[in-house]
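These notes are meant for a colleague who is opening this entry for the first time. Please keep the sequence and the model side by side while reading the points below.

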Amino acid sequence: DMSVWPVVVGVDSSVSVLLQGDAEYRQGMEVFTQADSPLLVSFEEGDGEVIVMTWRNAVNGANSDMLSVLHAMIESVSP
C-alpha cells in the first residue's frame, strides 16, 4: 500500500463537499500544502449517490472494523 492519495483542488457546484482539510503533496522533492482540499465528496448520478474519498483504503488493509468506521463517517456527514 502507498501512503499517498490524489489531492482535489476544486469541485463542480453539483458536488457536495462532506469533509475537507489541508493536504500535503509533492512535486519532485518539494512539499506543498493544498488548503481546504475536498477529502470526501458526494454527487448524484442516475438514481443513486456516489461518494468519493480521496484517501487510499485498499482491500488488503481493510477489515470489518475499518469498514464500520468508514460507514459511520460517511453517514455522519452525508447531507
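1. Contact, as the word is used throughout this note, means heavy atoms within 4.5 Å. Leaving aside neighbours within four places in sequence, Gly21 is in contact with Gln34, Ala35, Asp36, Ser37 and Leu39.

2. A word on the basis of these remarks: this is a predicted model, in which local features need pLDDT of at least 70 and side-chain atom pairs count only at pLDDT 80 or more, while totals for chains, interfaces and linings use all residues. Residues are numbered from 1 along each chain as its sequence is written, and side-chain values use heavy atoms, with hydrogens and water left out.

3. The overall layout comes next. Of the contacts in the protein chain with a separation of 6 or more, 39% are accounted for by residues 24 or more positions apart.

4. On accessibility, the protein chain exposes about 5,900 Å², of which carbon and sulfur atoms supply 53%; such areas come from the Shrake-Rupley method with a 1.4 Å probe, and for residues only the protein chains shown count as cover. Buried residues make up 16% of the 79 residues in the protein chain, where buried means under 20% relative accessible area, exposed means over 50%, and partly exposed lies in between (1.4 Å probe, protein chains only).

5. Between the C-alpha atoms of Gly21 and Leu40, which are 19 residues apart along the chain, the separation is 9.7 Å.

6. A polar atom of the Ser37 side chain lies 2.6 Å from the backbone oxygen of Val8. When residues up to four places away in sequence are not counted, Ser37 touches Val7, Val8, Leu19, Gln20, Gly21 and Ala23.

7. Most residues other than glycine have a negative phi. Asp36, however, has a positive phi of about 55° although it is not a glycine. With 49% relative accessibility, Asp36 counts as partly exposed.

8. Ser42 is another residue of strand E2, and with a relative accessible area of 2% it is buried. The side chains of Ser42 and Glu49 are joined by a polar contact of 3.1 Å; the term denotes a pair of N or O atoms within 3.5 Å, of which, within protein, one must be able to donate a hydrogen and the other to accept it, and residues adjacent in sequence count only if both atoms are side-chain atoms. Not counting residues up to four places away in sequence, Ser42 touches Ser14, Val15, Ser16, Leu18, Glu49, Val50 and Ile51.

9. Leaving aside neighbours within four places in sequence, Ile74 is in contact with Leu40 and Ile51, and the C-alpha atoms of Ile74 and Val52, 22 residues apart along the chain, are separated by 9.9 Å.

10. What is found when the whole structure is searched for aromatic pairs? One aromatic pair is found. Tyr25 and Phe32 form this pair, which is stacked, at 5.5 Å centre to centre and with 25° between the planes. Rings of Phe, Tyr and Trp (its six-membered ring) pair if their centres lie within 6.5 Å, and planes under 30 degrees apart count as stacked, over 60 as edge-to-face and the rest as tilted. Tyr25 is partly exposed at a relative accessible area of 29%, and Phe32 is partly exposed at 30% relative accessibility.

Key
Helices (H or I, at least four residues) and strands (E, at least two) are DSSP runs, numbered from the N terminus.
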